[in-house]
Amino acid sequence: PYIKKKTSIRKFNSIAVWGDRKPGVAALSLAWMHADKIDKTGLHNADFDYAGKGDSLDLVLEQLMQSRKRPKLQYWLYASKSDSIKYQSAEQLVNIISKKNISREADINFMNDEKYNGNDVLRNDFAAFLVWAFGN
């Protein structure tokens, strides 16, 4: 509503949400719950261990698996192999999406590399997400 009010844009072709680490999980949740309005979601080194205890990883993913919702979203995921917990959680998320049979393989863009280099990687990957989500 804010963008529509402040600009001349009245209709969007696509709406995407993206987040890094914990906000990445929030972006996924937002897209999952509002798939009627959001088309694409991006998670960058998503931190599913939202309680910081190391045991809540499965809780978030389990909630997605048990959800009756079957949103038709497109997913952009990045996980560094150097952070095994985040990498494993991204793989588990891809498996959940595949088991629910809600997206085609082409709708999941899972990128990874051997090490995470901080802001440079984040900056480049956010640009890659924007091109993926809105580019031609």
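Ring pairs join Trp18, Trp76, Phe126, Phe129 and Trp132 into a cluster, where rings of Phe, Tyr and Trp (its six-membered ring) are taken to pair if their centres lie within 6.5 Å, and where planes under 30 degrees apart count as stacked, over 60 as edge-to-face and the rest as tilted. The model is predicted, and for this reason local features need pLDDT of at least 70 and side-chain atom pairs count only at pLDDT 80 or more, while totals for chains, interfaces and linings use all residues. Residues are numbered from 1 along each chain as its sequence is written, and side-chain values use heavy atoms, with hydrogens and water left out.

Across the whole structure, the search finds five aromatic pairs. One of these is formed by Trp18 and Phe126, a tilted pair with 4.6 Å centre to centre and 55 degrees between the planes; it links distant parts of the chain, with Trp18 in strand E1 and Phe126 in helix H5, 108 residues apart. Trp18 is partly exposed, with a relative accessible area of 23%, and Phe126 is likewise partly exposed, at 34%, on a scale in which buried means under 20% relative accessible area, exposed over 50%, and partly exposed in between (1.4 Å probe, protein chains only). Trp76 and Phe129 form an edge-to-face pair, 5.7 Å centre to centre and with 65 degrees between the planes, which connects strand E3 to helix H5 over 53 residues of sequence; both Trp76 and Phe129 are buried.

The chain contains five helices and four strands, these being DSSP runs numbered from the N terminus (helices, H or I, of at least four residues; strands, E, of at least two), and the order along the sequence is α-β-α-β-α-β-α-β-α. Of its 136 residues, 39% count as buried. Contacts (heavy atoms within 4.5 Å) between residues 24 or more positions apart make up 73% of those with a separation of 6 or more.

Helix H5, residues 119-134, has 16 residues and spans 22 Å from its first C-alpha to its last, close to the 22 Å expected at 1.5 Å a residue, the expected span being 1.5 Å times one less than the number of residues. Its buried residues are Val121, Leu122, Asp125, Phe129 and Ala133; seen down the helix axis, they fall within an arc of 95 degrees and therefore line one face of H5, the arc being that of the directions from the axis to the C-beta atoms. Arg123, Asn124 and Val131, on the other side of H5, are exposed. The cover over the buried residues of H5 includes strands E1 (16-20), E2 (40-44), E3 (74-80) and E4 (108-113).

The largest nonpolar core has 22 residues, of which Leu28, Leu43, Phe48, Tyr75 and Leu93 touch the most other members; such a core is a set of buried Ala, Val, Leu, Ile, Met, Phe, Trp, Tyr and Cys residues joined through side-chain atoms within 4.5 Å. Helices H2 (22-33), H3 (57-66) and H4 (84-100) and strand E3 each give two or more residues to this core, and the largest share, five residues, comes from H2. Beyond its neighbours within four places in sequence, Leu93 is in contact with Leu28, Leu43, Phe48, Leu61, Leu64 and Leu77. Apart from this core lies another, of five residues, among them Trp76, Tyr78, Val121 and Phe129.

Asp47 is found in the loop between E2 and H3 and, at 17% relative accessibility, counts as buried.
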